[in-house]
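Colleague: Please go through the terms used for this structure, one at a time.

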Amino acid sequence: MFAMLMKWMSSAGILPRLSETEREALDAGTVWIDGDLFAGRLDVERLHREPYGRLSDDEQAFLDGPVEELLARTDRYEIGRTKRVPDELMQFIKDQGFMGLAIPREYGGKQFSTLAISTILAKIGPVSSTVGTLVVIPNSLGAGELVLHYGTEAQKTHYLPRLARGQYVPCFGLTEPGAGSDAASIKAEGLVFRDGDGRVRIRLNFRKRYITLAPIADLCTIACRLRDPDNLLGRNAPNPDGDLGITCVLVHKGTPGLDSGRHHDPIGDPFYNGPLVGKDVVVGLDAIIGGPERAGQGWTMLMQQLAGGRAVSLPAGAVGTAKLTAVAAGAYSMVRQQFGIPIGRMEGVEEKIGRIAGLTYLLEASRVFACTAIDNGQQPPVISAVLKAYTTEISQQLVIDGMDVFAGAAVMQGPQNILGMAYKSAPVAITVEGANILTRTLMIFGQGATRCHPYALKVLDGVERRDVGAFRGALLGWIGHFLTGLLRAEGHFLTRGLFVRTSDVAPETRRYHQLLGWAATRFGVMTDLAMFAIGGRLKRRGKLTGRYADALAWLVLGASCLRRYEAEGRKREDLPMLQYAMEHTLGRLQDAFEGIYRNFDGPLGWWTRTLGVFELRLNPIGSAPKDAHSARAARCIQSDSAQFRRLGYGVHLPRDTSRGLGRLLEAFAVISRAHPAAERIIQAQKARRLPRGYLPAQIADEAQRAGVIDASEVALLKQALGTRLEAIEVDDFAPEAYFARIDDDGAATYDRAVNA
């Protein structure tokens, strides 16, 4: 019977068919807490046993020393105007070891943790992503990482020390006009041939684009499809044209046939990015990363390194930008006044400040939690994809919120503008390393449902191997698992998650653990139903799988948030941000499940679209945060307190208090110190001891005479008024600075003078 069932499931497309590249992607990396979620449970005890890391003393010293010095030397506006990183800044990056953060000490690198590298990138990126890319690319997928993990000893000895000290500036050529998110479809070709001297070599032809650092790189890693039609490598390729598969090859700048000098012009910060074109580029076999024995293993290398890598650089930049937005918008909302009060006390502004505070708390939790897992041996591709897609999307929304708070000060460009460049640069993170649209609709649930489910891959393996015994055991286990999950889900539905196990958690967060556990159980059941009822057709149902990805993502983000609260010692002052984040999480989970139910098809579609949706709305898991939640969360970043500074950890606070963020935070600090005196004047006005209709600073002298405040507070209030007015000023330009001057060679240049 099981043999017939196995044959039917295979022929009817009940199970997805996996290509060789899909199989390699599934085999890459590890399953982490995503395994529990696909199994339909939130293991609270395991969740809080998972480590939540901190930087070592050496890593913190680097963050406080060289990183701060680098950013103090960085003039984002000037770099944006000239589109050049000054030579002395580039040399500082090389000399201080920024290009070798991930390289072991034995090769001259820093050998920092993933968490430390992420924290460094999160600090640099919001100041200048132009400078940030000079640190990101050498420390992410490319020559350094690939040579370290797969290179020959000779390659490691030669390349790693030179990469660590910046003697080689690397880039990685993967994307092509016809191969973006579908990277496995690359057309770049490497042909193995014997030259006139009898040496076996490789001739490369390729056209790559969107390659960061390509215009300045002197070491390019080229992903190509390697062919050996004459079997010169002795590998006996299975196809007639000798296709060995995707291979990673090192090509040095100056190699005949390599053109790497042209630039793309990315939106936002003008980081170095451009095409790589190779025509009959000839390299030796020792240019293959790992040597000839690794020919054809490039796709496996990429999948293994991307398994955890997507959780690092782009999420770091996104979270760093969110934290900058929280610091800047929180401060500005109290510095800027309208109608006699700080705009942050107006409910419309307060709502956005609360969202920025709560979701920044959540994003930072997910960054630290995931990076710590990688440092402890995990390489979770599904979680990494979640982090990449959702941190960048959420961060973009928070920057938009921050722009709304700053209003006119956000849209006037110049050295004083704090958020404008982050707003313009946000689409870059959304697009690169796998466009978010495809990551959400194809990868997260498409890979996770097979890779992370406790039985799906076992059933699929049984079918592919025609192993009836293995198939029978896995299928029966799956059916039992599904029935158990169905009963558990119904119990949680009736009790609203009251009996989800939540031992040893903070009493104030127990209810959130219970509701998240209930949501995890529902996700597990709906995953089983999708695989039973829709099966292999899920690959084509991107809108539906995107909603499943939303549910999984918010489960992961919510779990990370709860882990942070426990790991940081249950700081009660942070509870308003956690509450906002969890209310938002549960509301988004409710939206995701309603979307799944309304669009589910197959034999049960009629039930989910009618009674199922009715039950969901009758007994919801959650809803959007209430006004009181956003008000309390906003207060956490609206005073210059120890909590404000702690939440802004990792944000570069400029030493120069005459411009931009430094000027704003100086005003914020003065205004915060003056706040108690201002409040006493306001109360005196309400009691009619002082005239109404005036700002506290305007009647400070009268308030002193009335005994409401003392002389030092009068001076402080007047100082606060002055710094407030200075901090909200925007740039203006003289005509000779504003308009481009066309030189004889046709180049446009600008004078640097501003505020003239």
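Modeller: Leu398 lies in helix H15, where helices are DSSP runs of H or I with at least four residues, numbered from the N terminus. This is a predicted model, in which local features need pLDDT of at least 70, side-chain atom pairs count only at pLDDT 80 or more, and totals for chains, interfaces and linings use all residues. Residues are numbered from 1 along each chain as its sequence is written, and side-chain values use heavy atoms, with hydrogens and water left out.

Colleague: Why does Leu398 count as buried?

Modeller: Buried means under 20% relative accessible area, with a 1.4 Å probe and protein chains only. Leu398 has 0% relative accessibility, so it counts as buried.

Colleague: Which residues does Leu398 touch, not counting residues up to four places away in sequence?

Modeller: Contact means heavy atoms within 4.5 Å. Leu398 touches Ala322, Thr325, Arg355, Ile356, Leu359, Thr360 and Leu363.

Colleague: What makes H14 roughly antiparallel to H15?

Modeller: The axes of H14 (residues 347–375) and H15 (residues 381–406) come within 10 Å and cross at roughly 155°. Angles over 145 degrees count as roughly antiparallel, so H14 is roughly antiparallel to H15.

Colleague: How do you know that the span of H21 agrees with its number of residues?

Modeller: The expected span is 1.5 Å times one less than the number of residues. The 24 residues of H21 (residues 510–533) should therefore span 34 Å, and the end C-alpha atoms are 35 Å apart, which agrees.

Colleague: Why is H21 called largely enclosed by the rest of the structure?

Modeller: Of its 24 residues, 21 are buried, so H21 is largely enclosed. Just after H21, Gly535 has a positive phi of about 60°.

Note on methods:
Axes fitted to C-alpha atoms, helices over the stretch in contact; angles between N-to-C directions. Helix = DSSP H or I, 4+ residues; strand = E, 2+ residues; numbered from the N terminus. Parallel < 35°, antiparallel > 145°, perpendicular 65-115°, else oblique. Buried < 20%, exposed > 50% of the residue type's maximum accessible area, 1.4 Å probe, protein only.
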